[in-house]
2 protein chains.
Amino acid sequence: MTGTTQDDYTDRYARRVRGMTTSEIRALFAVASRPEVVSLAGGSPYIAALPLDAVGEMLNQLAAEQGAQSLQYGIGQGTVELRERICEVMALSGISGASPDDVVVTVGGQQALDLLARLFLDPGDVVLAEGPSYVGALGVFQAAQAQVKHVPMDDEGLIPAALEEAIAAVERSGRKAKFLYTIPTFQNPAGVTLTDERREQVLDICERAGLLVVEDDPYGMLSFEEEAPRPLRARRREGVFYVSTFSKTFAPGLRVGWILAPHAVREKLVMMSEANVLCPSAFAQGAVTQYLSTMPWQEQIKVYREIYRERRDAMLGALRDLMPPGTTWTHPTGGLFVWATLPEGLDSKAMMPRAIAARVAYVPGTGFYADGTGRSNMRLNFSFSSPERIREGIRRLSGVMEQELAMRAVFGSSFASSRRRGTAAADAPGPDLA
Amino acid sequence: MTGTTQDDYTDRYARRVRGMTTSEIRALFAVASRPEVVSLAGGSPYIAALPLDAVGEMLNQLAAEQGAQSLQYGIGQGTVELRERICEVMALSGISGASPDDVVVTVGGQQALDLLARLFLDPGDVVLAEGPSYVGALGVFQAAQAQVKHVPMDDEGLIPAALEEAIAAVERSGRKAKFLYTIPTFQNPAGVTLTDERREQVLDICERAGLLVVEDDPYGMLSFEEEAPRPLRARRREGVFYVSTFSKTFAPGLRVGWILAPHAVREKLVMMSEANVLCPSAFAQGAVTQYLSTMPWQEQIKVYREIYRERRDAMLGALRDLMPPGTTWTHPTGGLFVWATLPEGLDSKAMMPRAIAARVAYVPGTGFYADGTGRSNMRLNFSFSSPERIREGIRRLSGVMEQELAMRAVFGSSFASSRRRGTAAADAPGPDLA
C-alpha cells in the first residue's frame, strides 16, 4: 500500500496517468478495516441479510446443470435472458417499454460509467456533475482526462439555476460540456434526492442546451419512506443514458450492472466493452438471472430497506445527540449515506489520522470533489454497521471533533495539515472498506 | 446485430470511437452459432470436460459459508489468497520468486491488456505485435488510438531480424514504439511457438532498444508434446509484463486473469482498474482460489491436453487428406488454433458467406491484422468441436474452396468482393462463438 519504490517507468506512462497518485489518506483506510475501528467509510450493503444457503444452492445448480454455458464465454452485450429481467426491474422503477436489445450488461455500474466516458470524452472535455459526486465517477472522468465542473445541490438535489449557470460558464470558456453526470435519487455522497419538479426542470435545461444526461441510479429501490420520484429516463427516452447495478439490491461481489442506451449508441458500447473485458461473466449473469427468476428478490429489498432505515435512524439520532454545535447533516430518505458539514474551521482530511487513532473512520469530503474542496465535509455510511456500532462510531467521532475544536481555540487553524491538492480518488478508500 | 438505426449521437463521440464500425462479417458469425454449422471460428475451451457437479458443490459452499465476503466488494488489486495461488501457478511455468504484491487480478486477460494499453499508450504511439496477432489485443490498441506495426513470424515464432528492422523503421519515422505485444507460446492465431534461442534474442533486442515487452500467455500450460519453453518473464524480471488467465485452464465464464508487473507500476494498474471496474468479482476470485486449493486442477489440465491433442490430430489429418493443393497450415504443439494459408487467389473474407451457406465457419485472417491484410489466411479452432465434427467441418470447407478455385479458373479473381478495409475486430466473431 505504500508504493515508495523507485518508478523507472515514469517516462513511459501515457499522459492520462501522470496526475494519478495515491495519498497518505489511502494508506490510513487500510488501518480502518481493522475490527476495532468503527468504519463509516465504505459503501457496502449488508450482505449477511441475504439467504446465503439458498443462494449457494442456486449457484450449485447453475454450475452443475448449466455449466457448459454458465462457465463458458458469453456475448459482449450480455445474455438476452438477463437483459429481459433487467427490463422488468426497470419497469418497476417506472421505465416502461425498454427493449432488451438496448441494454448492455456491464461489470458493475463502474464499468458502465467507464464505457460512457470512453464513448464520449476526449481529453479536455467538460463533464458537469453534482458537487459533491460519486468518487468512482470522478476517477473515471479523470482517467478520461476530462474536466469536472461541479454544480451545487441543496436539500432538493441539484439546483436548476446553478446548472444553467454552469452550462453558460462552460460555453463562455469556449469548452465543450459533453454530459451531465447525476445521481438524482439518494445521492452518493450527499444523501439528497432531486424532487419531481426539479427533475423536469433539469431535463428541460439539458435538452435546451443539447447536453446528454448520464443518470446513475444504484439506490433508487432503497427508499425508506414513500417511493422515490421516477428516474429521469422514465421521463425522456432520448438523450438520457440510464446506469444501474445489482450491487445494492443483490450482491456487489458478482459485479453485474447495466446501461440502458439509445439504440444507435448501444452497438458502440458493446464494441467498447468487448475491447475492455471481452464479455461480462456468464456465471455472474446466470446467478443474477436465477436470483431474479426464482427467488423472492423484491421481498429481500424490503428487508434491506427495513435494516437500513433503522440504521439511518440510529445515525441521525446519534448525530443529533452527540455532534458539537455548528455541525449540520443531510436527512436521507433512502440509500446508504449521510453527508455532514463540520463546524467552522474543522478540516475533515487533516482530522483523519486522529479519527483513526480514536477507532472511527469516515471519508473526507475532498474525495467527492474533483477540485480539492470538501474539507469541511465528510461522508458517513449507515448500511453496513449495526445501530449500536453506528452510535458508538458517532460518539468517537464527536469526541475527536470536540478535541479538534479545543485545539483550534488554543492554537488557531495553523496546526491543520497543508492544503496540498491530491486526486479525489486518493482521498477515498478502496471499494471494500465498510 | 444489424445496427442500421440512424445514429444521432455521431457528432458527440470521442475521437477514439470514430473508426469503430461493425461489418457484414460480424453479422455472419451470428448465423455461425446455429447447431447445423460446424464452427471452427471461436476460441472456447471444452468446458464439458470439467467435473461440473464438484464445481457446483464448491460454489455452493463458497456462497453459503463465505458469502459475507465472497458476495461483497473486494479490493481493487484482488484477494491476497488468489494472488498467492497465482504465484504458485506461475512458478510451475518457470516464473519463480514472484511476489503476490506485484500481481493484479483482472477481469480476464482482456482487461489486463486494456489496463496496460491505458497505462502506456497515448494516441499515435506505436505497438509492435506479431503478424497475425490476437484480435482482442488489436481491439484494445485501436481503442487506445495506437498504431500497430506487425512483425512477421515463421515456424519458430517471431523473427528476431524482422523485429530489429521494425524497431528501426519506427525510429526512422520519428514515432515512439511503447512495447512489443507477444504471445510467444502456442500463438493465437498462428499456433506457432517462439523457440528457446529466439526468446533470448527477442529479449536482448528489446532490452537494447529500451522497448517494454507485454507477454500474453493464456495457452502455455496446454502443451501436447514436451513442455513449452519458459516464458519471457521467467528469463527477465524487468521490462516484461506477464499476462495470463484462468479462461483456458479452468473456466472463461468466471472472467479471471492477471498481470504480473514490476512493483512500481503495479500500484498505477490497480488505480486504473478501480476506475474501470472498481474491483474484480470477489465471488469469481473465490471460485478460482477454491478450485486451485481443493480440486485436482493440474490433473484437469492433463485431461484438456489429451482432448485437444486428439482434436488437433483430427484437424491436421483432415487438412492433409482433404485440402486442395496449394493450401498450407501450421502444426501447433499446443493451444487451440491452426493457421491456414489458402491457395493463390482465394480470399478468406470474400469466401465467408459461401462457407456459412455450406455450414462451416472460420475466422478470416483479416481479423488478426490491424492493416487489412490476411485475406489469404484463416484461423481454425480445434478445442471445441469433437474430432468427427472437425473432420466434417474441414470436409465442408475444402468443398467450398474447390468451388471457389473452379469459379476462379472460369471467371478470374474479379468476382471477389471489394477490398474495403474494416477494423480487425469487425472481422472476428464475438467471444462466444465456438
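Reader: In which helix of chain A does A:Val410 lie?

Author: This is a predicted model in which local features need pLDDT of at least 70 and side-chain atom pairs count only at pLDDT 80 or more, while totals for chains, interfaces and linings use all residues; side-chain values use heavy atoms, with hydrogens and water left out. Residues are numbered from 1 along each chain as its sequence is written, and chains are lettered from A and ligands numbered from 1 in the order in which they are written. Helices (H or I, at least four residues) and strands (E, at least two) are DSSP runs numbered from the N terminus. Residues 387-411 of chain A form the helix that holds A:Val410, namely helix α12.

Reader: Is A:Val410 buried or exposed?

Author: Buried means under 20% relative accessible area, exposed over 50%, and partly exposed in between (1.4 Å probe, protein chains only). Because its relative accessibility is 62%, A:Val410 counts as exposed.

Reader: How many salt bridges are found over all chains?

Author: A salt bridge is a side-chain nitrogen of Lys or Arg within 4 Å of a carboxyl oxygen of Asp or Glu. One of them joins A:Arg172 and A:Glu165, whose closest N and O atoms are 3.2 Å apart; A:Arg172 is exposed at 62%, whereas A:Glu165 is partly exposed at 44%. The number found in a search of the whole structure is 50.

Reader: How many residues apart in sequence are the parts that B:Glu156 and B:Arg198 tie together?

Author: These two side chains form a salt bridge with an N to O distance of 3.6 Å. B:Glu156 lies in the loop between β4 (147-154) and β5 (157-158) of chain B and B:Arg198 in helix α7 (residues 196-209), so the parts they tie together have a sequence separation of 42 residues.

Reader: How far apart in sequence are the parts tied together by B:Asp204 and B:Arg236?

Author: The side chains of B:Asp204 and B:Arg236 meet in a salt bridge of 2.7 Å, N to O. B:Asp204 lies in helix α7 of chain B and B:Arg236 in the loop between β7 (212-216) and β8 (240-245), so the separation of the parts is 32 residues.

Reader: How many aromatic pairs does the structure hold?

Author: Rings of Phe, Tyr and Trp (its six-membered ring) pair if their centres lie within 6.5 Å; planes under 30 degrees apart count as stacked, over 60 as edge-to-face and the rest as tilted. Over all chains, the number of aromatic pairs is 27.

Reader: What arrangement do the rings of A:Phe283 and B:Phe283 have, and how many chains does the pair join?

Author: The ring centres lie 6.1 Å apart and the planes are at 0°, so the pair is stacked. A:Phe283 lies in helix α9 (residues 282-294) of chain A and B:Phe283 in helix α9 (residues 282-294) of chain B, so the number of chains joined is two.

Reader: How many residues apart are B:Phe250 and B:Tyr291?

Author: The rings of B:Phe250 and B:Tyr291 are stacked because their centres are 3.6 Å apart and their planes at 5°. B:Phe250 lies in the loop between β8 and β9 (257-260) of chain B and B:Tyr291 in helix α9 of chain B, a separation of 41 residues.
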